[in-house]
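User: I would like to learn how to read the features of a helical model. Please take me through them one at a time.

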Amino acid sequence: MTDQPGGKGPPSAIMLAFSALTHFLLVAPVIYILVLAFGHYSFFAWHPICMSVGVGLLITEAVFSISGDAYVSYKLSRMNRVTMHWILHTTGLALVLIGLIIIVVNKINNNKHHFATPHSVLGLVTIIISFLVAAFGIVTNNSKWLYPRFRPVLLKVLHAFGGIVVTILLLATLITGTYTLWWPGSDTGRSLVFSSFFIAGFFILLKPILGAVSRSKVILAPPPTTT
């Protein structure tokens, strides 16, 4: 009997539907935001464009793919899923950084105060934390650098919890962006964007949260007694 490259068989109909629904809940609001941004095009429009694609598509897919539940990654080995994870994250964070630069330049051009709203403050804090967690991810992927001082499982748990927090903060930043003065869409559209990202975020983070908690129990468990 031959195994699948990722150690798993083809996804069941339920998991396939789950993956399709999660991706729909991510893609639909991003497309809506892009339509609004290009429909009211300006230099500033590139800020929501970069942020929505970077967070709503790339970074969320990076998190979803690492669990192996996403249909696009179920055939991949664990090592290849990790590679896919950091490539998507790096690309997504690059777009997020570009989005930050665009809003800073736009503020300068219009002689406006920087980071003067809850959305902008949340965004700045989130971006800083995101890059710190990403840097820690490099260390986690090269756990031999710190072994045996720190066990690989400890690094993985810390990175997992950091990634969960960052994903929540990034989605929260994306959602709060629809409640700024820029938003050219309807109230119904804003509510649908909020609902889609909220539900998709729950679906994406459910397995990582359960996995991180399970690994934490292993770390915190007392060492086995020897007789």
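This is a predicted model: local features need pLDDT of at least 70, side-chain atom pairs count only at pLDDT 80 or more; totals for chains, interfaces and linings use all residues.

User: What is a pocket, and what volume does the largest pocket have?

Analyst: Rolling a probe the size of a water molecule over the atoms shows where empty space is left. On a 1 Å grid over the protein atoms alone, a pocket is an open set of points where a 1.4 Å probe fits, with protein on both sides within 12 Å along at least five of seven lines; lining residues have an atom within 4 Å of a point. Points are joined across faces, edges and corners, and a volume is the space filled by probe spheres set on them. Here the largest pocket has a volume of about 1,200 Å³.

User: Which elements supply the lining of the largest pocket?

Analyst: Elements are DSSP runs numbered from the N terminus: helices (H or I, at least four residues) and strands (E, at least two). α2, α3, α4, α5 and α6 each supply at least two residues. The largest share, ten residues, comes from α5. By type, the lining has 20 nonpolar, 14 polar and four charged residues. Nonpolar means Ala, Val, Leu, Ile, Met, Phe, Trp, Tyr, Cys and Pro; charged means Asp, Glu, Lys and Arg; the others, Gly among them, are polar.

User: What volume does the second largest pocket have?

Analyst: Its volume is about 790 Å³. Of its 33 lining residues, Phe 44, His 47, Ile 103, His 119 and Thr 180 are the closest to its centre. α2, α3, α4 and α5 give two or more residues each to this lining. The lining divides into 17 nonpolar, 14 polar and two charged residues.

User: Now the helices. How many are there?

Analyst: The protein has six helices and zero strands. Take α1, residues 13-39. The expected span of a helix is 1.5 Å times one less than its number of residues. The 27 residues of α1 should therefore span 39 Å, and the end C-alpha atoms are 38 Å apart, which agrees.

User: Which residues of α1 are buried?

Analyst: An α-helix has 3.6 residues a turn, so residues three or four places apart point the same way. Buried means under 20% relative accessible area, exposed over 50%, partly exposed in between (1.4 Å probe, protein chains only). In α1, the buried residues are Ser 19, Thr 22, Leu 25, Leu 26, Pro 29, Val 30, Ile 33, Leu 36 and Ala 37. They pack against α2 (46-66) and α6 (187-220), where a contact has heavy atoms within 4.5 Å.

User: What should I check in the backbone of the loops?

Analyst: Asn 111 has phi near 55°, a positive value in a residue other than glycine. Asn 111 sits in the loop between α3 (78-109) and α4, and is exposed at 73% relative accessible area. Phe 115, also not a glycine, has a positive phi of about 50°. Phe 115 is in the loop between α3 and α4, and is partly exposed at 33%.

User: Where is the cis peptide bond?

Analyst: The cis bond joins Tyr 147 and Pro 148, with omega about 10°. Pro 148 lies in the loop between α4 (118-141) and α5 (152-176).

Definitions and conventions. Residues are numbered from 1 along each chain as its sequence is written. Side-chain values use heavy atoms; hydrogens and water are left out.
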